[in-house]
Amino acid sequence: MSLPRGWPWRPAGSALIFCNRTVGYRQEEAMNLVTHKKMKGDRLMPWGKGTVVTGAKGFVFLAGNTGTAENYDPSSGKGGAVGDAATQWRSILTNIKSDLEELGSSLEHLVKITQYVKGPFPDGGALSSPNFRLDVMDEFFAEHCPKHCSYNNPPPSEVIGVVALAHPDLVIEIVAVAALPD
């Protein structure tokens with residue numbers, strides 16, 4: 001990797017940590033995540049405005065998670081989805097939790113999520129799709145990380161409507177980003 005001239009850096013394991021050019025090398029500090037609530041007038045929106053992360057060792061960028069069966073083979077298309085929309089949501093959220101923990105983070109450190117929801121869109125928007133299941137996501141977070149429920153202080157997110165995903169039976173794909181604590 002080539003860096004612009006004069007950029008300070010130091011190796012940290014197998015990653016590079018880029019430092020503030022003005023201040024020099026960063027001081028080690030405890031990780032802190034502050035998610036700012038998104039309001040419309042006096043109404044709390046079910047997604048955060050943004051998350052400010054300080055003192056993180058790094059970030060975990062997960063690949064898109066889908067609710068595919070254990071025997072799913074993307075090269076042949078055999079296998080497929082694990083069930084209806086609610087089942088796929090539960091499977092994906094469980095996978096995200098497991099993947100984050102395996103990579104040294106957790107749901108507690110979620111910074112952002114992107115949800116790709118397959119149509120139909122009876123009212124024209126992705127939120128009108130029967131495949132968009134905020135209720136299932138809230139149920140999951142209520143059990144595993146209550147601060148991320150839509151009625152508390154969830155991370156920023158996008159809901160993007162799509163006509164197709166990797167397999168015709170898939171109705172949701174979720175991408176997650178989390179901070180990596182020391």
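Guide: In this predicted model, α1 and α2 pack at an angle of about 35°, and their axes lie 9 Å apart.

Visitor: How do you know which residues of α1 and α2 make the contact?

Guide: Contact requires heavy atoms within 4.5 Å. On the α1 side the contact is made by A86, W89, R90, L93, T94 and K97. On the α2 side V136, M137, E139, F140 and H144 take part.

Visitor: Is the crossing of α1 and α2 called left-handed or right-handed, and what makes it so?

Guide: A crossing is right-handed if the near helix is turned clockwise from the far one by less than a right angle. The crossing of α1 and α2 is right-handed.

Visitor: What span is expected for α1, and what does the model give?

Guide: Helix α1 covers residues 85-102, which is 18 residues. After α1 comes G104, which has a positive phi near 95°.

Visitor: Which residues of α1 are called buried, and what do they pack against?

Guide: Buried means under 20% relative accessible area. In α1 the buried residues are A85, A86, Q88, W89, S91, I92, L93, I96 and L100. They pack against β5, β6, β7, α2 and β9. In α2 the buried residues are V136, M137, D138, F140 and F141, and their cover includes α1 and β7.

Visitor: What makes a group of residues a nonpolar core, and which members of the largest one touch the most others?

Guide: Its members must be buried, come from a set list of residue types that includes Ala, Leu and Trp, and be joined through side-chain atoms within 4.5 Å. The largest such core has 26 residues, and W89, I96, L100, L107, F141 and I174 touch the most other members. At least two residues each come from α1, β7, α2 and β9, with α1 giving the most, seven. A second, separate core has five residues, among them A56, V111, V177 and A179.

Visitor: Which residues does I174 contact beyond its neighbours within four places in sequence?

Guide: I174 is in contact with A63, G64, N65, W89, I92, L93, I96, I113, T114 and Q115.

Visitor: Why is H36 called partly exposed?

Guide: H36 has 37% relative accessibility, so H36 counts as partly exposed. This residue lies in strand β3. Its contacts, leaving aside neighbours within four places in sequence, are G48, K49, G50, V52 and N153.

Visitor: What makes β3 and β4 a pair, and how do they run?

Guide: Two strands pair if there are at least two bridges between them. Eight bridges join β3 (residues 32-40) to β4 (residues 43-54), so by that cut-off they pair, and the two strands run antiparallel. N32 stands opposite T54 in β4. Two residues lie between the strands of this hairpin, where G41 takes a positive phi near 65°.

Visitor: What is the omega of the peptide bond from G119 to P120, and where is P120 found?

Guide: That peptide bond is cis, with omega near 25°. P120 is found in the loop between β7 and α2.

Notes:
Residues are numbered from 1 along each chain as its sequence is written. This is a predicted model: local features need pLDDT of at least 70, side-chain atom pairs count only at pLDDT 80 or more; totals for chains, interfaces and linings use all residues. Side-chain values use heavy atoms; hydrogens and water are left out. Helices (H or I, at least four residues) and strands (E, at least two) are DSSP runs, numbered from the N terminus. The expected span of a helix is 1.5 Å times one less than its number of residues. Buried means under 20% relative accessible area, exposed over 50%, partly exposed in between (1.4 Å probe, protein chains only). Axes are lines fitted to C-alpha atoms, for helices over the stretch in contact, and angles run from 0 to 180 degrees between N-to-C directions.
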